[in-house]
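Here is a protein to explore. Take a look at the sequence and the model before reading on.

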Amino acid sequence: QVIKCKAAVLWEANKPLSMEEVEVAPPKAHEVRIKIVATGICRSDDHVITGALVMPFPIILGHEAAGIVESVGQGVTSVKPGDKVIPLFIPQCGECSTCLNTKGNVCCKTDLGSSSGFLPDGTSRFTCKGKTIHHFVGTSTFTEYTVVHEYAVAKIDSGAPLEKVCLIGCGFSTGYGAAVQTAKVDPGSTCAVFGLGGVGLSVVMGCKAAGASRIIAIDINKDKFAKAKELGATDCVNPKDFKKPIHEVLIEMTGQGVDYSFEVIGRTETMSSALACCQHNYGVSVIVGLPPAAQKITFDPMLLFTGRSWKGSVFGGWKSKDSVPKLVADYMKKKFDLGPLITHTLPFIKINEGFDLLRTGK
């Protein structure tokens with residue numbers, strides 16, 4: 001059956017999302033239709049609205065969510081109707097070279113790089129006013145119902161509170177994993193975290209869980225500092241308080257630079273600062289924030305020649321289908337608390353207000 005439901009459609013760049021009635025087609029073979037119960041909003045969604053991340057229009061955004069399986073297509077074995085699930089914007093097909101490699105997690109089936117705006121078979125399950133609506137990174141969660149491929153959904157604990165664990169679909173896992181999985185932060189080490197949004201705060205939580213002895217949180221919005229300290233930051237630094245470049249400030253604070261730095265903003269200037277502030281020989285700097293399209297970075301190669309490592313991290317380095325249920329289980333065992341990352345809970349109809357809160361740093 002086709003389902004008619006509400007969805008927030010982005011018809012063109014730099015316009016508000018528009019609440020529309022859409023038709024959601026039934027799942028084809030190896031696809032799953034999900035009733036979305038809770039979705040987070042992420043800076044990556046906003047990048048599509050502003051044009052910094054180029055996607056085809058019209059489109060239904062959203063990629064950080066949790067819901068309940070409504071129906072499954074032929075051949076689906078890993079989930080059944082009624083299961084609680086989290087959609088995966090980084091899928092795990094289990095067959096490509098990345099999935100078969102223990103070091104990798106960005107499955108070749110992700111639509112993150114190609115930006116086709118379709119499901120793997122090259123078609124869409126959404127229509128509105130007779131027009132085809134594109135999917136976003138294979139998830140599209142700003143709708144009451146969505147369709148995803150079976151390798152892009154993870155079954156989770158039936159007792160999990162969906163309005164909290166939806167964050168494991170992107171923000172929390174991305175930040176926490178960048179620290180514990182990508183950087184593999186050592187106990188007793190010193191870390192610097194650039195950017196204290198939801199993902200940056202999750203990096204702080206990851207550094208603390210890994211046993212870092214000093215966690216320096218950096219943001220130009222000092223309103224973020226109290227929450228960062230609550231979650232484990234030992235120092236908070238506002239670059240606006242200094243005349244000199246921030247990497248010099250951090251080197252002075254630590255004597256020789258930090259062991260690990262994380263750029264969780266998505267700006268080339270802060271990526272360079274994060275690299276420069278880590279220890280010249282064994283320092284590791286991780287890019288976590290999504291870089292804007294068409295921007296290039298220039299840096300002094302001597303920064304790397306002396307031994308620093310520069311890494312990227314997508315979805316915290318986790319293999320999604322394997323790791324998401326385990327992260328939900330860890331949450332249920334109270335290994336970490338997602339509550340502090342949630343600042344507002346709004347009805348779906350107020351999604352544009354949510355984006356206004358994101359843009360104003362609230």
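## About the model

This is a predicted model, so local features need pLDDT of at least 70, side-chain atom pairs count only at pLDDT 80 or more, and totals for chains, interfaces and linings use all residues. Residues are numbered from 1 along each chain as its sequence is written, and side-chain values use heavy atoms, with hydrogens and water left out.

## Two domains

The chain splits into domain 1 (3-171 + 317-360) and domain 2 (183-312), with bounds that come from an automatic or database domain assignment. Their C-alpha centres sit 29 Å apart.

## Where they meet

Here, 11 residues of domain 1 are in contact with 11 residues of domain 2 (contact means heavy atoms within 4.5 Å). Together the domains bury about 890 Å², 66% of it on carbon and sulfur atoms; buried area is the accessible area (1.4 Å probe) that two parts lose on being put together, summed over both. Gly-171, Pro-340 and Leu-341 supply 50% of what domain 1 buries against domain 2, more than any other three residues.

## A look at Asn-105

Is Asn-105 buried or exposed? Asn-105 is buried, with a relative accessible area of 10% (buried means under 20%, exposed over 50%, partly exposed in between, using a 1.4 Å probe and protein chains only).

Among the residues that Asn-105 touches, leaving out those up to four places away in sequence, are Ile-90, Pro-91, Phe-315 and Trp-318. The Asn-105 side chain also reaches the backbone oxygen of Trp-318 at 2.9 Å.

Technical notes: Polar contact = N/O pair within 3.5 Å; in protein donor to acceptor, adjacent residues only side chain to side chain.
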